[in-house]
Amino acid sequence: MDQPDLTDDDDSLVAVQRYRTLWISDLHLGTAGCQAEALLDFLRLTRCDTLYLVGDIVDGWQLRRHWHWPQAHNDVVQKLLRKVRKGTRVVFVPGNHDEFARHFLGHHFGGIEVVDDPVHLTADGRRLWITHGDRFDGVVQCARWLAHLGDHAYELALRLNWQLNRLRARLGLPYWSLSRYLKLKVKRAVSYIGDFEQAVAREARRRGADGVVCGHIHHAELREIDGVLYANDGDWVESLSALAEHADGRLELLDWSAHARLAGQATPLPVLQARPVSELPALAKETAV
């Protein structure tokens with residue numbers, strides 16, 4: 001991992017980790033489940049040339065039902081705009097929860113580019129197609145009423161999860177995601193994740209890309225599927241994860257839920273999987289669904 005730099009950010013000296021590219025998605029700003037404080041910490045302690053926002057950044061579905069926009073959510077938006085002013089290219093790829101932004105493709109908001117289906121060229125020459133992934137979700141595309149019903153149930157699970165983790169914090173226990181646990185324990189949900197990954201990888205191959213970066217299913221993953229690199233950057237509601245590209249083109253998943261701040265400095269960012277792209281065929285055999 002690249003060595004962190006000391007940079008003056010927001011009038012304080014902090015240790016930051018530098019990357020060539022970062023991908024984050026499913027922030028769900030505007031919901032009680034959004035981990036805005038952790039996200040602000042992540043944005044403050046990382047630097048990159050390009051930052052991709054891979055959909056569901058603002059949760060328009062829930063904001064239409066009831067308004068929830070605390071100061072921390074506004075701070076996230078301001079932090080993203082600040083990164084643009086400091087020279088970071090920020091690209092927003094809309095998802096289903098912020099599908100209203102698809103009406104503004106090709107526009108810039110505060111310097112943030114709104115783009116559909118961009119292709120990223122890694123430092124080692126790989127072409128990565130970037131999409132939120134909701135177009136490969138049959139429920140979202142064919143039964144929107146069911147998707148909204150599931151969104152209500154998911155919101156309830158997140159509220160229960162919040163109460164549970166308040167208790168765990170008092171007991172000195174680490175953060176734990178109830179909704180993530182339930183999804184991975186339900187056989188049909190695991191099958192859905194596998195089908196989604198296969199469908200997205202097939203489309204990337206059809207487009208002639210070497211790989212795909214997506215979000216949507218809140219399940220961080222980095223592996224090869226039939227010769228195509230599949231990368232899901234996870235979310236900032238449950239897994240608190242991001243995808244990173246180093247200066248040499250190496251990709252890794254960052255797990256911010258395990259990050260621990262020390263007085264006056266930051267610990268190295270923990271990783272979920274930190275293998276070079278060249279080693280991913282072996283990784284696929286170990287993690288295939």
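This is a predicted model: local features need pLDDT of at least 70, side-chain atom pairs count only at pLDDT 80 or more; totals for chains, interfaces and linings use all residues.
How many aromatic pairs does the count come to? The count comes to six aromatic pairs.

**Aromatic rings**

- One of the six aromatic pairs is formed by Trp129 and Phe136, whose arrangement is edge-to-face, with 6.0 Å from centre to centre and 80 degrees between the planes.
- A pair of aromatic rings is described by the distance of the centres and the angle of the planes.
- Trp129 counts as buried because its relative accessibility is 2%, and buried means under 20%.
- Phe136 has a relative accessible area of 25% and is therefore partly exposed.
- Phe42, Trp236 and Trp256 together make up one aromatic cluster.

**Nonpolar cores**

- The largest nonpolar core holds 33 residues, of which Ile24, Phe42, Leu51 and Trp236 touch the most other members.
- At least two residues of this core come from each of β2 (12–24), α1 (36–44), β3 (46–53), α3 (71–85), β4, β6 (112–114) and β12 (241–245).
- With six residues, α1 provides the largest share of this core.
- Another core, of 15 residues, lies apart from the largest one and includes Trp23, Leu128, Ile130 and Leu243.

**Helix α1**

- Helix α1 is mostly covered, as seven of its nine residues are buried.
- The buried residues of α1 are Ala36, Ala38, Leu39, Leu40, Asp41, Phe42 and Leu43.
- An α-helix has 3.6 residues a turn, so residues three or four places apart point the same way.

**Surroundings of Trp236 and Ser241**

- Leaving aside residues up to four places away in sequence, Trp236 touches Ile24, Ser25, Asp26, Leu27, Gly33, Cys34, Gln35, Ala38, Leu39, Phe42, Ser241 and Trp256.
- Ser241, one of these contacts of Trp236, is found in strand β12.
- With a relative accessible area of 0%, Ser241 is buried.
- The C-alpha atoms of Ser241 and Ser25 are 8.8 Å apart in space, although the two residues are 216 residues apart in sequence.

**Five-stranded open sheet**

- An open sheet is formed by five strands in the order β7-β8-β9-β11-β10, and its pairing is mixed.
- β7 (119–121) and β10 (221–225) stand at the edges; each has a single partner strand, so one side of each is left without a neighbour in the sheet.
- From one strand to the next, the twist of this sheet averages 25 degrees.
- Five bridges pair β10 with β11 (residues 228–232) in the antiparallel sense.
- Arg223 has Tyr230 in β11 as its bridge partner.

**Parallel pairing around β4**

- Strands of a sheet pair through backbone hydrogen bonds, either parallel or antiparallel.
- β3 and β4 pair in the parallel sense over four bridges, and the bridge partner of Thr50 in β4 is Arg89.
- β4 and β6 also run parallel and are joined by two bridges.
- Phe92 has Val114 in β6 as its bridge partner.

- Asn96 is placed in the loop between β4 (89–92) and β5 (108–109).
- Is Asn96 buried or exposed? Asn96 is buried, because its relative accessible area is 2% and buried means under 20%.
- The side chain of Asn96 is joined to that of His132 by a polar contact of 3.2 Å.

Conventions
Residues are numbered from 1 along each chain as its sequence is written. Side-chain values use heavy atoms; hydrogens and water are left out. Buried means under 20% relative accessible area, exposed over 50%, partly exposed in between (1.4 Å probe, protein chains only). A polar contact is a pair of N or O atoms within 3.5 Å; within protein, one must be able to donate a hydrogen and the other to accept it, and residues adjacent in sequence count only if both atoms are side-chain atoms. Rings of Phe, Tyr and Trp (its six-membered ring) pair if their centres lie within 6.5 Å; planes under 30 degrees apart count as stacked, over 60 as edge-to-face and the rest as tilted. A nonpolar core is a set of buried Ala, Val, Leu, Ile, Met, Phe, Trp, Tyr and Cys residues joined through side-chain atoms within 4.5 Å. Contact means heavy atoms within 4.5 Å. Two strands pair if DSSP finds at least two bridges between them. Axes are lines fitted to C-alpha atoms, for helices over the stretch in contact, and angles run from 0 to 180 degrees between N-to-C directions.
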